[in-house]
Amino acid sequence: MTNPNGNSPEPITPISRSSFSLQRYLPQDASITRLFIIMLVVFVLMAGISPNTFLSLDSFTSMSFQFPVFGIFAFAMMLSMISGGIDLSIVGIANLTSIIAASVMVRMLPAEASASESLLYILLGVAAALMVGLVCGLFNGFAITKIGIPPILVTLGTMQLFMGIAIIVTKGQAIVGLPELYTKIGNGSLWIFPVPLLMFCLCILGTYVLLNKQSYGMKLQMLGANPTASFFSGVNNTRVLLTTYAISGVLAAIAGLVIVAQTNSAKADYGTSYILQAILVAVMGGVDPRGGFGKVAGIVMAVLTLQFLSSGLNALHVGNFFKDFMWGIVLLLVMVINEWSNRRKVRSIS
Amino acid sequence: MKKVMQTSEFYVAIVVLALFLVIGSQSSAFFTITNLFDLIRSGIVPGIFVMCAMLVIISGGIDVSFPAIATFSMFCSTKILHSMHYDGPVLVAFLLSGLIGLCLGLINAVFISLFRLPTLIVTLGTSSMFSGFLLTFVGSSQISDLPKPLLTFSKEQIFKFTNDSGITVGLPVAVLVSLGVIVLVALLLRYTMMGRGIYALGGDAVSAQRIGFSPIRIQFFIYGFVGLMAGVAGMIHTTMMRNSNPVDLLGTELLIIAAVVLGGTRITGGHGTVLGSLLGLLLVITIQNSLILLGIPSYWQRFVIGALILIGTGVAAYQVKRSIMKRKSIVS
């Protein structure tokens, strides 16, 4: 802090900013290693505190039913954050899609349906949910790119809007009584792997391929680092942003489908605290909130770390409010550490 | 006149007026003193919050932690006063609550200005931290038997009227505190160097620093001031509800920010007026309180507010986009 350079505000001219974020690539890789170490430390710590409850197969099974939901939300948040925006509407989308899926499955399914018939309606419900998620995401993207409203405001508005639609559709009540087959699939396991965990793995794979094996990933990071530069190097910014928010909407819809299976109900105002958790996981996983950087591996490790921490605290019988307190502290600590190491790196280069 | 018509306050005022007329023509209950006082009463605490949110947004940040700060400081100070069976001037309660709020606001300021972290994420983190700490370590059950000075304060009313059916309606004295805060913020923004600094910082942080404003000092002032005001607002909430509930105010932040943004304050910083924000708040409160008078079921509220945010910000953003395009066509 004694260095005068450390106190000067971040240069915001295009040229210096792009070189600034190039330098960010180096420390972030170190932060993946750091995350891995943090994850191991938390794991060992929790295992040491309560070896009997934490280190059992039951506890791992219950964990693998819990983290997929906020893990998938974190991926949705990560994509929009890499683009330099933020998506506050993911939980709203998830609830809306889960309500659509549940109403398709519950209201349209005839009472005396055979197994194949109910499977058909389940597939129909899932398809409808994914469709609605896509449309919601595209709507976000449209408002951001075509009308030019800042992402935070768009998603703040659509968060209310989607939740509002969900409340209007259900008149504020929860939809219960889903087809048995659906909850059976959603809560079942393939061999020893729970279905939600498999969904999470699919999302990991999908996001990884998108970010690292497709040109979209490179374009997204360029756009997030510097929209002007990416525009002049031939990236169709509008299209990349539309794609980003659409994918974010579909991911949110998948999370909504997992929630429906787990709670056997769909509600308009379920799990609003997931927004904070998703931001926390994304930032902790090394996603730069100013845009331009994010790695799938970082997110996975952050998700696991938080789940270990949460399960370990559960074994100690602390309340949910204490967890809120912990999340806040962890979020701030991680950000401060990342910022410090970035600054040190920048200083040692210059 | 043309200048007035170009401001966003003008459009918000027209929307509010139109809404008033529509509701008034549908329901005779709307234009009564009772309903008017109801509207004002439900705007007392949000009125202060709106000023907090507006200051931060003008400076180029965004703060979602003020409800958590308000809850934390009101509950802690009520608990302290309650445990010592306090029986002195009511001013002490407000000072205590404000002081606690100030400290919490300064915590925000440390992360934001010294570590230069994004304001939204810092305040999300601190807000989760504050409310988690409050509910775990201080208490999670509400305090209903308030200390005596707070109770007497809550019963004092001004502007008393007796309406046709013989019921006396009045406003709580706390409305004066809100008015004071609003006037203070208006003066601060208009006539002081600090106010100019807040606009400058939000407009362009680098230029603000080049012309001699200290971003660190301004940010410490803003977040400290917001904490102080949130603490006071929390105490007012306690006196108006006549109990101290640690989960009451949480979750109101997004609606407040929506009100500020609807009032023409730009989320990118540098623009915003007290009048506009108040009009935005009036719009939101009217929708919340009086939509039902139009025969629209209350579960449409959220939808309408979401749509309003999108339309309101959309129109503003579209105008900016168009004016940039126009300027480009002149240059080329």
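Modeller: Leu251(A), setting aside its neighbours within four places in sequence, is in contact (heavy atoms within 4.5 Å) with Ile72(A), Phe75(A), Ala76(A), Leu79(A) and Cys203(A). This is a predicted model, in which local features need pLDDT of at least 70 and side-chain atom pairs count only at pLDDT 80 or more, while totals for chains, interfaces and linings use all residues. Residues are numbered from 1 along each chain as its sequence is written, chains are lettered from A and ligands numbered from 1 in the order in which they are written, and side-chain values use heavy atoms, with hydrogens and water left out.

Biologist: Why is Leu251(A) called buried?

Modeller: Buried means under 20% relative accessible area, exposed over 50%, and partly exposed in between, with a 1.4 Å probe and protein chains only. Leu251(A) has 8% relative accessibility and therefore counts as buried. This residue belongs to helix α13 (residues 237–263) of chain A; helices (H or I, at least four residues) and strands (E, at least two) are DSSP runs, numbered from the N terminus.

Biologist: How do you know whether Thr239(B) is buried or exposed?

Modeller: Its relative accessible area is 2%, so Thr239(B) is buried. Thr239(B) sits in helix α12 (residues 215–241) of chain B, and its contacts beyond four places in sequence are Leu150(B), Phe153(B) and Ser154(B).

Biologist: What makes Arg290(A) and Glu339(A) a salt bridge?

Modeller: The term requires a side-chain nitrogen of Lys or Arg within 4 Å of a carboxyl oxygen of Asp or Glu. The closest N and O atoms of Arg290(A) and Glu339(A) are 3.8 Å apart, and the pair forms a salt bridge. The two residues are 49 apart and link distant parts of the chain: Arg290(A) is in the loop between α14 and α15 (296–315) of chain A, and Glu339(A) is in helix α16 of chain A. Arg290(A) is partly exposed, with a relative accessible area of 23%, whereas Glu339(A), at 10%, counts as buried.

Biologist: How many salt bridges are found over all chains, and which residue forms one with Asp38(B)?

Modeller: The search of the whole structure finds 2. Arg41(B) pairs with Asp38(B), with the closest N and O atoms 3.1 Å apart. These residues are separated by about one helical turn because they are 3 residues apart in helix α3 (residues 33–42) of chain B.

Biologist: Why are the buried residues of α9(B) placed on the same side?

Modeller: The buried residues of α9(B) are Ala174(B), Val175(B), Ser178(B), Val181(B), Ile182(B), Val185(B), Leu188(B) and Leu189(B). They cover an arc of only 155° around the axis, which puts them on the same side of α9(B); the arc is that of the directions from the helix axis to the C-beta atoms. On the other side, Arg190(B) and Tyr191(B) are exposed.

Biologist: What area do chain A and chain B bury between them?

Modeller: They bury about 4,200 Å², with 78% of it on carbon and sulfur atoms. Buried area is the accessible area (1.4 Å probe) that two parts lose on being put together, summed over both. In chain A, Gln160(A), Ile168(A) and Leu332(A) lose the most area to chain B, together 15% of what that side buries. The count of salt bridges between the two chains is 0.
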